[in-house]
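Please read the points beside the sequence and the model.

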Amino acid sequence: MKEDTIIALATPPGVGAISVIRVSGPDSFYLADKLFRGKSKIINSASHTIHYGNIVDSNESHIDDVLISVFRAPNSYTGEDSVEISTHGNPLIAQKIIGEFLKLGKIRLAEPGEFTKRAFLNNKIDLSQAEAVADVIHARSEASLRGARNQLDGLLSKKVGKLRESLVNATSFVELELDFAEEDIEFVNTDELLKRIDEIIIEIDSLLETYNIGKIIRDGVNVALVGKPNVGKSSILNYLINESRAIVSDIPGTTRDVIREEISIDGILFRLFDTAGLRESENPIEEEGIRRSREALRNADIILFVEDTQQGSARDLLDSILNLTSGDKIVRVLNKIDLGEKSHYDADVKISAKTGQGMNDLSKILVKKAIGTEYYTEKSAIVTNIRHYTCLKKARESLLNARDSVINKISGEFISVDLRNASISLGEIIGEVTTDDILNNIFMKFCIGK
């Protein structure tokens, strides 16, 4: 790990109440004292104390009144000596202070995610917790924030750590037998080894099963509103987001482009795509909107297929949609029931976007369609990250290979290799086993200052 001192603005750029500048590394206190004028020296201050004073430039000219928080190693976020400088929230002030620090030498601008990367390298957090830091920052719904906090609190790490520990113990017995092969000493019998492998596979399967809901919690759900022109798709969108975002008109073809809005229902993020009415058109602008509608339909997790009581069934359109996507994604919505039904229509929910009748039922259906019957609590370990999911799949595959080798009485060398590969895959989740490529790929997605 680099032993130099780094600096960055920890708060998003822009004007706010305060800006926080984070400095971490061996020269943090020494460099802070070069610019800070207060009642006491930072280098002599106790950890977890806050000091009021001024930051000055190289000519002793006043830049800003600040508060400096002191964190001594190893009791800091990064595990290093660190200071956090709270200034007035003018980006020009923050920029000038950072510039004065850089003039001193012995310090450089932090790379994206470098503060969290140092926390990982100094064993303050494991790799899955480090990834959760970015998820907490970027969470856009209550559910995604809870899921990120779940991972940051180490629930997944503890689960994976226990599985890996059990696996390492099993591997050690297999390899010990190899060392005493000539003495024909058995340290673990076949039934016990199979039982251990099966137990770990079951635990991995239970984690893999959480990925469907974990992905929804983290990334949200894409919902496409699809139907013929003038069935009320835009009215439904406006009702759900509680504002007149989409133009509503009796004229077919009013919606010419896909309109995207986001709402939160029961803490889950839903991205709503109000699409142009699907029909044949000679208008090139409307035709482009229809093309984009079809693209939104292909990428949707849920499709609200909207019909209305006045135009009647659109079975031909539904059949064409089924050629583009699977039927289990579709929720049939019958709109304009306030105008009365001329005949019976099949629908999953009947609504009036004008009066609000049935709209609560539609919201409940969206949530149920998104998460199904799956349930989790804040104390459950869940998988929200595709990297973790892939590592668990690799570990499971290695364990199945090891299981087959045990059953078929294959040499212990092959069993040991598969068990070790499974252990490596689990270790990659929490950072017990890692490479520079993995770390760079993870932390380059962070913003600077985190």
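1. The largest nonpolar core holds 32 residues, of which Ile236, Phe270, Leu272, Ile302, Leu304 and Val333 touch the most other members. A nonpolar core is a set of buried Ala, Val, Leu, Ile, Met, Phe, Trp, Tyr and Cys residues joined through side-chain atoms within 4.5 Å. Buried means under 20% relative accessible area, exposed means over 50%, and partly exposed lies in between (1.4 Å probe, protein chains only).

2. At least two residues of this core come from each of α8 (211–219), β8 (221–227), α9 (233–241), β9 (259–265), β10 (268–274), β11 (302–308), β12 (330–335) and α12 (359–371). Helix α12 gives the largest share, 5 residues. A second, separate core of 29 residues includes Ala170, Leu194, Val383 and Ala402.

3. The model is predicted: local features need pLDDT of at least 70 and side-chain atom pairs count only at pLDDT 80 or more, whereas totals for chains, interfaces and linings use all residues. Residues are numbered from 1 along each chain as its sequence is written, and side-chain values use heavy atoms, with hydrogens and water left out.

4. Ile236 touches Leu225, Val306, Val333, Asn335, Ile351, Ala353, Met359 and Leu362, residues up to four places away in sequence not being counted. Contact here means heavy atoms within 4.5 Å.

5. The protein chain has 15 helices and 13 strands; these are DSSP runs numbered from the N terminus (helices H or I, at least four residues; strands E, at least two). Of its 450 residues, 48% are buried. Among contacts with a separation of 6 or more, 65% join residues 24 or more positions apart.

6. Leu35 lies in helix α1 (residues 28–35) and is buried, because its relative accessible area is 3%. Leaving out residues up to four places away in sequence, Leu35 touches Asn54, Ile55, Val56, Glu100, Phe101 and Leu104. Leu35 and Glu100 are 65 residues apart in sequence, yet their C-alpha atoms are 8.0 Å apart in space.

7. Ile50, Tyr52 and Leu67 make a nonpolar surface patch of about 340 Å². Leu67 belongs to strand β5 (residues 62–71) and counts as partly exposed because its relative accessibility is 40%.

Technical notes: Patches are made of residues with over 30% relative accessible area and no salt bridge: like charges are joined within 9 Å, nonpolar side chains (Val, Leu, Ile, Met, Phe, Trp, Tyr) within 5 Å. Accessible areas come from the Shrake-Rupley method with a 1.4 Å probe; for residues, only the protein chains shown count as cover. A salt bridge is a side-chain nitrogen of Lys or Arg within 4 Å of a carboxyl oxygen of Asp or Glu.
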